[in-house]
Amino acid sequence: MTDDDPLGPLDPDFAAQFVRDDRRPACQLYLVSPLDVGGGFPDRLARALDAGPVAAFQFRVKGVDQHQAARLAEPLQRICADRDVAFIVNDEVSLARRLGADGVHLGQGDGDPREARQLVGPSMQIGVTCHDSRHLAMEAGEAGADYVAFGAFFPSTTKDARHRADPVLLSWWTTVFELPCVAIGGITPANAPALIAAGADFIAVSGAVWAGDEAQAMRDFAAVLRSGGHDTSVAAPK
């Protein structure tokens with residue numbers, strides 16, 4: 001964890017003492033798209049969602065106008081709706097409104113959650129990236145966010161990460177707050193158990209699924225989630 005959080009560092013022993021509240025739902029998978037979602041990607045998404053349980057899918061594209069983004073999103077949104085998977089739009093509140101998405105995810109530079117709420121109404125989920133900062137997460141919660149995202153926890157090929165979070169942050173958050181937290185950044189079936197055991201409500205994954213056989217990756221993640229973070233038998237990728 002960096003020194004950016006004005007609340008200061010957490011006691012590293014906090015994680016060792018952490019016990020997840022049994023009333024809190026088990027950790028679930030939050031699947032993030034690759035940047036290229038054209039071509040045969042809808043078929044890949046369908047295979048992934050059919051191979052293992054997913055709570056939410058985040059549509060994340062860059063460098064395209066809203067009309068093109070909407071065209072790319074529509075078949076993916078139908079695939080998610082058919083499987084009861086929440087469809088979340090990254091960054092773009094206006095696109096989320098246009099699509100009637102289930103949610104929108106805001107980075108720190110993507111606007112205030114209060115303003116987003118006024119635009120999207122009471123039913124759309126709003127998530128906020130909070131890096132490695134308890135302070136930012138508490139601000140997001142006070143602003144009406146439905147979940148907060150911490151990370152990166154591990155090096156990632158999907159997105160350059162200037163902030164590195166420690167799993168103890170998840171333990172502290174889920175002990176103090178009911179608001180769900182998402183762990184993100186370089187998560188694989190091999191390293192996910194530590195985050196699940198630390199208290200993550202969701203693990204957000206992308207490259208570990210889309211860089212290879214998406215169906216097998218989803219089965220591997222499903223096995224880890226079923227174990228509640230106690231099974232570390234999934235081999236690290238070679």
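This is a predicted model: local features need pLDDT of at least 70, side-chain atom pairs count only at pLDDT 80 or more; totals for chains, interfaces and linings use all residues.

Colleague: Which residues of helix 5 are buried?

Modeller: P113, A116 and V120 are buried, meaning under 20% relative accessible area, while exposed is over 50% and partly exposed lies in between (1.4 Å probe, protein chains only). These three sit on the same side of helix 5, because they cover an arc of only 55 degrees around the axis, taken from the directions from the helix axis to the C-beta atoms.

Colleague: What do those buried residues pack against?

Modeller: They pack against helix 4 (93-99), strand 4 and strand 5 (125-129). The face turned away from the buried side carries the exposed residues E115 and Q118.

Colleague: You mentioned strand 4. Is H105, which sits in it, buried or exposed?

Modeller: H105 is buried, because its relative accessible area is 6%. Strand 4 spans residues 103-106.

Colleague: What does H105 touch?

Modeller: Leaving out residues up to four places away in sequence, its contacts (heavy atoms within 4.5 Å) include Y30, Q58, D91, T129 and Y147.

Colleague: Switching to strand 1: which strands does it pair with, and in what sense?

Modeller: Strand 1 (residues 28-32) pairs in the parallel sense with strand 8 (residues 202-205) over 4 bridges. It also pairs in the parallel sense with strand 2 (residues 56-59), over 3 bridges. Pairing takes at least two DSSP bridges between the strands. Q28 stands opposite F202 in strand 8, and V32 stands opposite Q58 in strand 2.

Colleague: How many residues of strand 1 are buried?

Modeller: 4 of its 5, so strand 1 is mostly covered.

Colleague: What unit do strand 1, helix 2 and strand 2 make?

Modeller: A right-handed β-α-β unit, with helix 2 at residues 41-51. Right-handed means that, with the strands pointing away from the viewer, the path from the first strand over the helix to the second runs clockwise.

Colleague: Aromatics next. How many aromatic pairs are there?

Modeller: There are 9. Rings of Phe, Tyr and Trp (its six-membered ring) pair if their centres lie within 6.5 Å; planes under 30 degrees apart count as stacked, over 60 as edge-to-face and the rest as tilted. The rings of W172 and F177 have centres 5.7 Å apart and planes at 70 degrees, so that pair is edge-to-face. W172 counts as buried at 13% relative accessibility, whereas F177 counts as partly exposed at 25%.

Colleague: Which residues form the aromatic cluster?

Modeller: F41, F57, F59, F87 and W210.

Colleague: Last one: where is G186?

Modeller: G186 is in the loop between strand 7 (181-184) and helix 8 (192-198). Its C-alpha atom is 7.1 Å from that of T157, 29 residues apart along the chain.

Technical notes: Residues are numbered from 1 along each chain as its sequence is written. Side-chain values use heavy atoms; hydrogens and water are left out. Helices (H or I, at least four residues) and strands (E, at least two) are DSSP runs, numbered from the N terminus.
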